[in-house]
Amino acid sequence: MIERAGDTRIFLAVFHPGSATTPLTPEARGDFAAYVTAIMRDTPEIRDVIVGNEPNLNRFWMPQFDSDGGDVAAPAYLALLIEVYDAVKRADPKMRVWGGALAPRGIDRPGTGRDTHSPTTIIRDLGAAFRASGRAEPPLDGFAYHPYPASSSIPPDRPTDPASTSILLADYEEKLRPLLDEAFGPGLPVLYSELGVETRIPPAKAPLYEGEEVGDPVDEPTQADYYRRAIELAACQQNVAGLLLFHSHDEPALAGFQSGVYYVDGTKKSSFEPVRDAAERTMCP
């Protein structure tokens with residue numbers, strides 16, 4: 001991948017496969033940090049690492065709550081972030097560590113069978129855990145975030161209700177930026193490290209895929225338009241470092257994500273050219 005990337009900046013996301021392997025012990029956190037540091041040492045072309053994946057969801061992080069309903073995911077994730085940040089910085093102070101990688105919604109109620117925290121709640125709780133740690137500086141160089149709408153049929157630049165605890169791309173100024181400034185201090189860069197819009201698969205490509213679609217995909221012109229609008233919006237948000245589209249290529253299982261600008265066989269969708277053009281030419285006026 002590195003050999004073929006050329007001058008493209010690489011963001012490496014390192015995370016455990018699911019909540020059953022949540023790194024909760026000092027040994028597990030140490031192993032995680034050692035793994036990240038080893039990759040960084042072996043691949044000097046990679047200067048950005050994203051720690052974990054959606055720790056506000058029980059799919060990737062458990063437990064979320066203690067027996068009294070308190071948030072235990074935030075301090076446990078911060079402990080992992082601290083371990084990785086310190087290990088990486090000892091090896092190379094110029095390496096950039098991105099924390100968070102949060103999902104854009106959660107219900108903040110224990111015992112439902114889907115224990116999750118909203119981004120609004122967990123960012124505040126991460127800030128409280130950071131202050132309780134006694135550290136003078138936050139253990140991250142930037143904050144990663146996944147601003148997925150609830151469905152691919154919803155434009156990515158549509159804001160949520162002001163009273164909602166969810167946070168999307170268009171909520172940056174009103175929600176995400178103030179929460180991050182409160183939690184970690186002003187000016188922390190933001191990376192939208194995942195955003196995807198699924199497309200319907202044309203009949204000619206259908207044999208390449210398996211299973212049944214469970215989402216609400218759109219046509220390829222709409223995907224191109226939504227990606228363009230997302231790129232243009234992110235480009236004009238202060239302290240936003242970038243937007244990563246998830247994926248480049250479709251997943252073959254329709255229960256997964258067909259959000260690429262390539263089909264699974266590597267051929268380009270009709271959305272490829274307009275998305276590439278938007279990425280290459282977009283600058284905030």
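Me: Is F60 buried or exposed?
Reply: Judge it by relative accessible area: buried is under 20%, exposed is over 50%, and partly exposed lies in between (1.4 Å probe, protein chains only). F60 has 10% relative accessibility, so it counts as buried. F15, at 38%, counts as partly exposed. This is a predicted model: local features need pLDDT of at least 70, side-chain atom pairs count only at pLDDT 80 or more, and totals for chains, interfaces and linings use all residues. Residues are numbered from 1 along each chain as its sequence is written, and side-chain values use heavy atoms, with hydrogens and water left out.

Me: How many aromatic pairs are there?
Reply: Rings of Phe, Tyr and Trp (its six-membered ring) pair if their centres lie within 6.5 Å; planes under 30 degrees apart are stacked, over 60 edge-to-face, the rest tilted. That rule gives eight aromatic pairs. Take F15 and F60: centres 6.3 Å apart, planes at 90°, so edge-to-face.

Me: Which parts does the pair of F15 and F60 tie together?
Reply: Elements come first: helices (H or I, at least four residues) and strands (E, at least two) are DSSP runs, numbered from the N terminus. F15 sits in the loop between β1 (11–14) and α2 (26–42), F60 in the loop between β2 (48–51) and α3 (73–91), so the pair ties parts 45 residues apart in sequence.

Me: What about Y148 and F257?
Reply: Their ring centres are 5.8 Å apart and their planes at 85°, so this pair is edge-to-face. Y148 lies in the loop between β4 (142–145) and α5 (172–184), F257 in the loop between β6 and α7, so parts 109 residues apart in sequence are tied together. Y148 is buried, at 11%.
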